[in-house]
Amino acid sequence: MLKNYFKIAIAVLKRRKFFTFISLFGISFTLTILMVLTAFINKVVGDNYPDKKRDRSLYINRLQESGEENMMSSTLSYYFLSHYTGMMKTPVKVAISSMFKGTNTYVNNKKIAVNFKYTNAEYWDVLDYDFTEGKPFNKQQVTNADRVAIISEDMKRQYFGDVATVVGKYIEADNVDYRVIGVVKNVPVTNYMLYSDIYLPYTVSKEDYKSKGYLGAYMAILLGNSPGDIPKMQAEYESIIARVPVERKEFKHVYSHANTFFRSYVDTGNEKQSGVFIVVTAISIFVFIFTLLPTLNLVNINITRIMERSSEIGVRKAFGASSKTLVYQFLVENLILTILGGVIGTVLSVFALYAINNANLIDNLELSINFTVLFIGLLVCLVFGLLSGVYPAWRMSKLNVVTALKA
Amino acid sequence: MIRLQNIEKVYRTDTIETLALNSVSLDIAKGEFLSIMGPSGCGKSTLLNIMGLLDAPSKGEIRIDDQKTGGMNDKQLAQFRNKKLGFIFQSYHLINDLQVLDNVELPLLYRDTTAKQRRELAAEALAKVGLANRLKHFPTQLSGGQRQRVAIARAIVGKPEIILADEPTGNLDSAMGNEIMEILLNLNRNDGTTIVMVTHDENMAHKTHRLVRLFDGAQVQ
Ligand SMILES: Nc1ncnc2c1ncn2[C@@H]1O[C@H](COP(=O)(O)OP(=O)(O)OP(=O)(O)O)[C@@H](O)[C@H]1O
Ligand SMILES: [Mg+2]
């Protein structure tokens with residue numbers, strides 16, 4: 001039975017080359033887009049290098065002061081973060097670091113762009129960077145304001161070329177020489193809170209990290225003992241912020257939150273707009289439209305395709321096919337078409353991801369097809385096949401035999 | 001074998017009502033070869049379709065093999081047609097995407113059969129209509145007479161007791177028409193198949209056991 005359905009499905013697909021092409025194109029193209037999108041989201045949100053302890057971490061990356069007319073919102077000052085998180089009891093460690101900042105350096109008179117980031121010593125305990133050589137700087141080195149640097153593998157290759165080890169060598173950035181003490185695996189720039197080429201002790205910063213203003217270039221990650229500490233740390237931070245006095249008269253409120261990774265990642269910088277809501281809505285609408293359109297298109301194509309075969313429907317019914325059997329046949333045919341589209345889409349996705357990775361559009365971002373993505377893709381395909389097949393199949397199965405044979 | 005009682009068929013559209021069949025009663029015995037004649041539009045096809053349970057009458061009762069067919073649902077009707085009836089149409093209605101053999105196998109798909117059984121039965125039916133050497137052809141590669149023979153093979157492959165043929169020779173020249181007629185006569189004679197055939201050809205009609213004439217939806221002879 002199934003073999004016969006397969007036979008006729010292939011025959012029909014071959015005969016209706018144009019329809020087949022349009023259908024397959026629609027399915028595989030949509031699938032490719034969805035696969036790339038999910039690969040991207042999966043990478044950005046799901047990949048937790050180097051913050052492997054996300055489930056017990058909270059991120060503080062913004063403070064907003066607002067009054068009737070004025071509003072100021074930015075990352076925070078080193079002083080503010082160390083002072084107020086220092087008052088907290090639940091976090092076992094607090095990583096404080098500046099956001100990455102770009103500068104230029106020269107290798108053999110060739111200009112290269114480098115990003116650098118200042119961190120405290122606990123940063124290296126809270127986060128799990130993979131060291132390919134050397135080790136992180138410690139409290140003593142930070143206190144001494146030692147000119148030591150940890151660099152990314154990418155930076156090592158760009159600055160030093162193909163050498164085995166670089167620990168002990170010097171790297172120049174902003175006209176200062178730093179001694180390299182460690183090399184870490186690359187972090188994609190999409191993980192912008194933790195990405196950098198060079199990591200330095202905050203004490204070597206030329207900017208005044210002792211300034212008592214609230215706003216600055218820093219953020220913090222609070223590490224709890226267990227995921228259960230998350231609500232406690234959040235409450236503790238909220239209560240501290242509630243008692244923080246406003247800096248100037250024109251402001252009435254100070255807002256700052258300790259958020260989970262995803263929330264802080266999509267923070268809009270405005271207290272009244274939820275970044276999570278915006279991102280989730282945008283993605284949902286995008287996915288919805290991107291699957292709805294081809295489905296409608298397929299339903300349409302399928303109706304035409306099936307109605308063209310009214311003689312076949314009439315004959316099958318006359319010789320003993322029930323409406324149910326026919327619906328089943330057309331669904332199988334449709335599933336064959338969509339699964340074919342799914343396979344083509346998967347192949348296209350592999351190529352697309354390969355091309356995106358090779359074009360190096362985004363620093364250090366390696367998208368890969370993983371099983372979750374593949375699974376989602378094939379599931380989408382199956383849903384497609386059913387959605388686009390059910391209605392036309394149902395409609396044609398209701399066709400009266402005599403009418404079907406006359407057409 | 002087939003008993004029609006006071007069959008009435010009314011076609012209703014938004015504006016007009018057509019009385020296609022007006023109180024037709026007919027008894028067809030097992031093994032009988034009956035032909036139906038009448039002018040175009042008199043309701044011959046309508047009658048045949050109702051006999052074949054492809055269409056429901058507006059009024060009246062159909063009994064086939066002493067079974068009432070009135071209350072059957074879609075699935076039961078389908079099964080009943082599959083077991084008892086075989087159809088032959090004027091315009092063949094073969095599936096052009098399928099090879100001759102697959103076309104002939106079609107009724108067996110809706111029965112409990114293995115692929116091997118289907119293959120054998122279909123080949124056998126095709127041999128019976130003289131097309132043993134055309135199994136792998138597609139319908140479009142055959143002449144009209146050959147196509148109708150494939151259609152006959154499809155109608156007999158399931159060994160139904162009744163064959164309903166609506167102008168089976170209507171699209172063919174007289175030589176090919178005679179060939180088809182011979183096949184049908186043999187089926188009736190050798191296998192005892194009950195056949196009801198609509199035709200416009202007096203000569204063909206006279207070769208059958210009985211002739212029924214319709215005029216304006218009513219039986220006149
Ligand atoms: N689906 C329909 N809707 C409305 N009227 C119909 C329908 N089918 C048939 N009729 C009408 O019913 C009458 C009988 O039609 P039928 O097809 O049975 O004629 P016929 O005797 O087979 O004619 P022919 O020899 O041309 O095939 C005709 O008047 C036709 O117009
Ligand atoms: Mg007719």
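In this predicted model, helix α2 (residues 17–46) of chain A and helix α9 (residues 275–307) of chain A have axes that come within 10 Å and cross at roughly 165°. Angles over 145 degrees count as roughly antiparallel, and α2(A) and α9(A) are therefore roughly antiparallel to each other. In chain B, helix α3 (residues 100–109) and helix α5 (residues 144–156) pack at an angle of about 35°.

**Helices α2 and α9 of chain A**

- The crossing of α2(A) and α9(A) is left-handed.
- On the α2(A) side, the contact is made by Phe19(A), Ile22(A), Ser23(A), Gly26(A), Ile27(A), Thr30(A), Ile33(A), Leu34(A), Leu37(A) and Ile41(A).
- The α9(A) side contributes Ile283(A), Phe286(A), Val287(A), Phe290(A), Thr291(A), Pro294(A), Asn297(A), Leu298(A), Ile301(A) and Thr304(A).
- By class, 14 nonpolar and six polar residues form the contact of α2(A) with α9(A), and no charged residues take part.

**Helices α3 and α5 of chain B**

- The axes of α3(B) and α5(B) lie 7 Å apart, and their crossing is right-handed.
- From α3(B), the residues Val100(B), Asn103(B), Val104(B) and Pro107(B) meet Val150(B), Ala153(B) and Arg154(B) of α5(B).
- Sorted by class, the contact of α3(B) with α5(B) has five nonpolar residues, one polar and one charged.

**Span and burial of α5 in chain B**

- At 1.5 Å a residue, the 13 residues of α5(B) should span 18 Å, which agrees with the 19 Å between its end C-alpha atoms.
- Helix α5(B) is mostly covered, with eleven of its 13 residues buried.
- The buried residues include Val150(B), Ala153(B) and Arg154(B), which also meet α3(B).
- Among the other buried residues of α5(B) are Gly145(B), Gln146(B), Gln148(B), Arg149(B), Ala151(B), Ile152(B), Ala155(B) and Ile156(B).
- The cover over these buried residues includes, from chain B, β6 (85–88), α3, α4 (115–128), β7 (162–166) and α6 (174–191).
- Chain A is also represented in that cover, through α10 (310–318).

**Lys398 of chain A**

- Lys398(A) is placed in the loop between α12 (371–397) and α13 (401–406) of chain A.
- Its relative accessible area is 53%, and the cut-off for exposed is over 50%, so Lys398(A) is exposed.
- A distance of 9.8 Å separates the C-alpha atoms of Lys398(A) and Leu326(A), which are 72 residues apart along the chain.

Conventions: Residues numbered from 1 in each chain as written. Chains lettered and ligands numbered in written order. Predicted model: local features only at pLDDT ≥ 70, side-chain atom pairs only at ≥ 80, totals over all residues. Heavy atoms only, no water. Axes fitted to C-alpha atoms, helices over the stretch in contact; angles between N-to-C directions. Helix = DSSP H or I, 4+ residues; strand = E, 2+ residues; numbered from the N terminus. Left-handed = near helix turned anticlockwise from the far one by under 90°. Contact = heavy atoms within 4.5 Å. Nonpolar A, V, L, I, M, F, W, Y, C, P; charged D, E, K, R; others polar. Expected span 1.5 Å × (residues − 1). Buried < 20%, exposed > 50% of the residue type's maximum accessible area, 1.4 Å probe, protein only. Parallel < 35°, antiparallel > 145°, perpendicular 65-115°, else oblique.
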